[in-house]
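This report describes the architecture of a two-chain assembly. The sequence and the coordinates are shown first, and the description follows.

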Amino acid sequence: MIWIIFAFGFWAAAWTLNVRLAASSVVKTPAGRLAVPAIFGITLLVVWEGVVRGLAVPGVILPPPTAIAVRIAAELPTLWVDFVQTFVKGALTGYVIGCGAAVLVAVAIDRSAFLQRGLLPVGNFVAALPIVGIAPILVMWFGFDWHSKAAVVVVMVFFPVLVNTVAGLAASEVMQRDLMATYSASYWQTLFKLRLPAAMPFIFNGLKIATTLALIGAIVAEFFGSPIRGMGFRISTEVGRLGLDMVWAEITVAALAGSAFYGLVALIERGVTFWHPSQRPR
Amino acid sequence: MKALLPILTVLSVIVALWYAAAVWMNAQWERDQAARAGTEVTFAQLLPLTMSQDRPVLPAPHQVAVGLWDGLAGQAITSKRSLVYHAWVTLSATLLGFAIGTTAGILLAVGIVHNRAMDLSVMPWAIASQTIPILAIAPMIIVVLNSVGVSGLLPKAVISAYLSFFPVVVGMVKGLRSPDAMQLDLLQTYHASRAATFWKLRLPTSMPYLFTSLKVGIAAALVGAIVGELPTGAVAGLGARLLSGSYYGQTVQIWAALFVAAFAAAALVAVIGAVQQVTLRRMGMAR
């Protein structure tokens, strides 16, 4: 009981603090902008811990955050092996191949209006489909190891990046292209000096969507069969053994990896498209 | 017609490539069979054989079409071999989850727009959560809800709800904030209450954003329902068809289930698109 009272007391105090902070001038500073969500996140963890302990929720239903943290610390080598298998080998390889292929195909079909009119509706259609479904087929073709996971990721990231890149290549204005023509620039010069840079905001939009898809694809593909390592494998087997603290540990790693991956791509975007209005400091 | 021709060309090229790939990938098995029987097969003999295997590596398009037709129309709808039955199992979870997730998402978005403290504390997490592979927790939700006695439709719906929730929150917050300062000022000069501002200005202007995120949300909800069917051990639903097909090497079954899932996704997105068009036209916002 004392735990529940403590949890709700903490929640009330933190929320009052956040309301105060939000009303004050502190939130105008960068530190204040970081503090409010951080306090909210910590509150969630404390309430979680308090409620789980207070109601004596069994660990096979919902382990408290401290138990998960202990598990992460204890299982670091396993988590690292799983991370390398799923993220570095599966997701990252597939991401690079898939995005690279998508950009190349986009540049290729950009030269033909006929192909564009034919491929874009198909690409848009495929981008909305539940592509994870091909995971069992690709696992059958490429075996249980990371190659099949990379293949799933390639297919998943291909279409969003393709559609965005084609849209981006059309983004440069007629005036700008005319200017290149008056310089007597060749097709490739126009492509590299004007159209690809102009397309970068769109391409990065696709690349950012693809980061999440890549991780999802790699993890879900492992549900259909994998060697005895990998995040998806660990999640599905530990769920079967009711080792929920290990499952949460893997989810924590997946969440951190996903956020870091997205953040990295967003950082590169900021470097590449520094000229774009959305990147100006506000 | 002018728009259709390129699409049809691309589609026929895809089908042709598919046939070629089917011959190429299935040929090995036929050659092995022939070698075991001590005979030689010519390419002309090989060609029809590769397209009529029971468990091909890659089924030819017409085999998938036959499997699809058999599953959709060849069985009684209540039969466990009917794809209509399995599609309905998946769709009901998708729709229930989508309804829950969308309602919760819109409510949270309204809260975020009207409460500054909530905006500052929840919004960064809502955005960050979109970079997280949420689908990874699907098996855990299923098993945990199962162990507390909840099984069947609801656990899958929870996953669908969770997946459609965040796109709706983020899109709806953007939409509710989209009226520009002039319009908000005008309502202030009318001395409109916050509720009146919400119903007469914020909600109507948010509609295009809402529909865009609904389309993302329902596609995500369908994926969630399919993945939610995996860990329960292939009982019913399109995900179960995928899993049992991959267990028993029934490739035609996998492809048929995959196509049904694709059609379902396309149909759901199309329905929302149609509702969007009608709504926006009646509200005078159609482009």
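How does the radius of gyration of chain A stand against that of a compact globule of 282 residues? The model is a predicted one. In it, chain A has a radius of gyration of 24 Å, whereas a compact globule of 282 residues would come near 19 Å. The C-alpha trace of chain A spans about 80 × 55 × 30 Å along its principal axes.

For a compact globule of 287 residues the radius of gyration would be near 19 Å, but chain B has 25 Å. The table sets out values for each chain.

| Chain | Radius of gyration | Span along principal axes | Buried residues |
|---|---|---|---|
| Chain A | 24 Å | about 80 × 55 × 30 Å | 40% of 282 residues |
| Chain B | 25 Å | about 90 × 55 × 35 Å | 40% of 287 residues |

**Secondary structure and contacts within the chains**

Chain A is built from 11 helices and has zero strands. Its order along the sequence is α-α-α-α-α-α-α-α-α-α-α. Chain B likewise comprises 11 helices and zero strands, and its elements run α-α-α-α-α-α-α-α-α-α-α from the N terminus on.

Contacts between residues at least 6 apart in sequence were examined for each chain. In chain A, 75% of these contacts join residues at least 24 apart. For chain B, 75% of such contacts join residues at least 24 apart.

**Domains and an open helix in chain A**

The domain assignment divides chain A into domain 1, covering 2-57, and domain 2, covering 72-279. Between the C-alpha centres of domain 1 and domain 2 of chain A there is a distance of 35 Å.

Why does helix α8 of chain A, residues 174-182, lie largely in the open? Of the nine residues of α8(A), the number buried is zero, so this helix lies largely in the open. Just after α8(A) comes A:Ser184, which takes a positive phi of about 60°.

**A helix pair in chain B**

Two packed helices are described by the angle between their axes and the distance between the axes. Helix α6 of chain B (residues 138-147) and helix α7 of chain B (residues 153-176) have axes that come within 9 Å and cross at roughly 145°. The crossing of α6(B) and α7(B) is right-handed. On the side of α6(B), the contact is made by B:Ala138, B:Ile141, B:Ile142, B:Leu145 and B:Asn146. Helix α7(B) contributes B:Leu154, B:Pro155, B:Val158 and B:Ile159. By class, eight residues of this contact between α6(B) and α7(B) are nonpolar, one is polar and none is charged.

**The interface between the chains**

How many residues does each chain give to the contact? Chain B gives 45 residues and chain A gives 48 residues. On the side of chain B that touches chain A, the elements giving two or more residues are α1 (4-37), α5 (116-128), α6, α9 (194-228), α10 (238-248) and α11 (251-282) of chain B. Among these elements, α5(B) gives the most to that side, with eight residues. The residues of the side of chain B that touches chain A comprise 37 nonpolar, seven polar and one charged.

Definitions and conventions:
Residues numbered from 1 in each chain as written. Chains lettered and ligands numbered in written order. Predicted model: local features only at pLDDT ≥ 70, side-chain atom pairs only at ≥ 80, totals over all residues. Axes fitted to C-alpha atoms, helices over the stretch in contact; angles between N-to-C directions. Helix = DSSP H or I, 4+ residues; strand = E, 2+ residues; numbered from the N terminus. Left-handed = near helix turned anticlockwise from the far one by under 90°. Contact = placed C-beta atoms within 7 Å. Nonpolar A, V, L, I, M, F, W, Y, C, P; charged D, E, K, R; others polar. Domains from an automatic or database assignment. Rg over C-alpha atoms; globule rule 2.2 N^0.38 Å. Buried ≥ 20, exposed ≤ 12 C-beta atoms within 10 Å, placed from the backbone.
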